[in-house]
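The following exercises are to be worked with the sequence and the structure at hand. Each task is followed by a solution in steps.

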Amino acid sequence: MLPAQRQLYNHPDSSGPITLHTAEDFEGMRAAGRLAAEALDMISEFVVEGVSTAELDKRIQDYVEGAGAVSATIGYRGYQHASCISLNEVVCHGIPSDNTRLEDKDILNIDVTVIVDGWHGDTSRMYVVGGSSFPTREKLIRVTYECLWKGIHAVKPGATLGDVGAAIQKHGEKAGFSIVRQFVGHGLGEQFHMSPNIFHFGKPGKGVELVPGMLFTIEPMLNVGTYKVDIDEEDGWTARTRDRKSSAQFEHSVGVTADGFEIFTNSPRGFEQPPYL
Ligand code: MF3
Ligand code: CO
Ligand code: CO
């Protein structure tokens, strides 16, 4: 059962108290998650060779604001855009730019977070310019997508966040890829980033025990080469693989239910499955 009233849950392995949310809160998350997923559906047809990432971001901002919602990333710690657009060796937090134009076979993650009636919806997907890329990049995307689902399927009351991380890590490393450690999933709800941290690696049975009413993202980043990441010193955001080999990421916002999970950011148009692989 979801709690009838919001509660706080403490666990020694958590970075802070974890809010347990009600059925009504889940309603709010559905609306927010849906809009974020719709924005990612909308942008698909515009992801073509030659377009700048600033143009894509502008369309996303217009879409979100046109729906009467607010972008959670504009103004967040000084970030000024409605999306993060991360190409090829960029792991996450790629800044949309007039100077970055898509090229054939580029792979990119577009990450959108919106606020609807106070609730946050946070989701990202991979796109491939021209519909196909190099075999290693395509495999990386497919395995990263599978890792997201391995993590989601581990979510149920009584399981632990170590189970979630271990499922992701096992699948990714078996395929020969590395799991980024420097960035993690996060609790969300009325705030963008909350407790608990969601590690995309770990040990079965360890970590915070999952309880109905928890809301968090799962957003694994996998690399072809080293898991190590450099943050751009000039812009303070762009995270690149240290060896400049490719990286991929998918993200859903989920809630823990009485018997498993609910995904708030499913694609209304069924676009989330990598269609290009
Ligand atoms: N959406 C990202 C996440 O999944 C956070 C982006 S913060 C920004 O947590 F400021 F870079 F946009
Ligand atoms: Co997130
Ligand atoms: Co995100």
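**Exercise 1: Leucine 40**

Leucine 40 lies in helix α1. The model is a predicted one.

Task: Determine whether leucine 40 is buried or exposed, and state which residues leucine 40 touches, not counting residues up to four places away in sequence.

Solution:
1. The relative accessible area of leucine 40 is 0%.
2. Buried means under 20% relative accessible area; therefore leucine 40 is buried, at 0%.
3. Beyond four places in sequence, leucine 40 touches Ile110, Val112, Thr123, Ser124, Arg125 and Tyr127.
4. Isoleucine 152 stands 112 residues from leucine 40 in sequence, and their C-alpha atoms are 20 Å apart in space.

**Exercise 2: Helices α1 and α2**

Task: Describe how helix α1 (residues 23–43) and helix α2 (residues 53–66) pack.

Solution:
1. The two helices, α1 and α2, pack at an angle of about 140°, and their axes are 10 Å apart.
2. This angle makes α1 oblique to α2.
3. The crossing of α1 and α2 is right-handed.
4. From α1, Leu35, Glu38, Ala39, Met42 and Ile43 meet Leu56, Arg59, Ile60, Tyr63 and Val64 of α2.
5. Sorted by class, this contact of α1 with α2 has eight nonpolar, two charged and no polar residues.

**Exercise 3: A sheet of three strands**

Task: Give the strand order of the open sheet of three strands, and state which residue in β15 stands opposite asparagine 223.

Solution:
1. The order is β8-β12-β15, and the pairing is antiparallel.
2. Strands β8 (178–179) and β15 (247–249) are the edge strands, each pairing on one side only.
3. Strand β12 (residues 221–223) is joined to β15 by three bridges.
4. Opposite asparagine 223 stands serine 247 in β15.

Note on methods
Residues numbered from 1 in each chain as written. Chains lettered and ligands numbered in written order. Predicted model: local features only at pLDDT ≥ 70, side-chain atom pairs only at ≥ 80, totals over all residues. Heavy atoms only, no water. Axes fitted to C-alpha atoms, helices over the stretch in contact; angles between N-to-C directions. Helix = DSSP H or I, 4+ residues; strand = E, 2+ residues; numbered from the N terminus. Parallel < 35°, antiparallel > 145°, perpendicular 65-115°, else oblique. Left-handed = near helix turned anticlockwise from the far one by under 90°. Contact = heavy atoms within 4.5 Å. Nonpolar A, V, L, I, M, F, W, Y, C, P; charged D, E, K, R; others polar. Pairing = 2+ DSSP bridges. Buried < 20%, exposed > 50% of the residue type's maximum accessible area, 1.4 Å probe, protein only.
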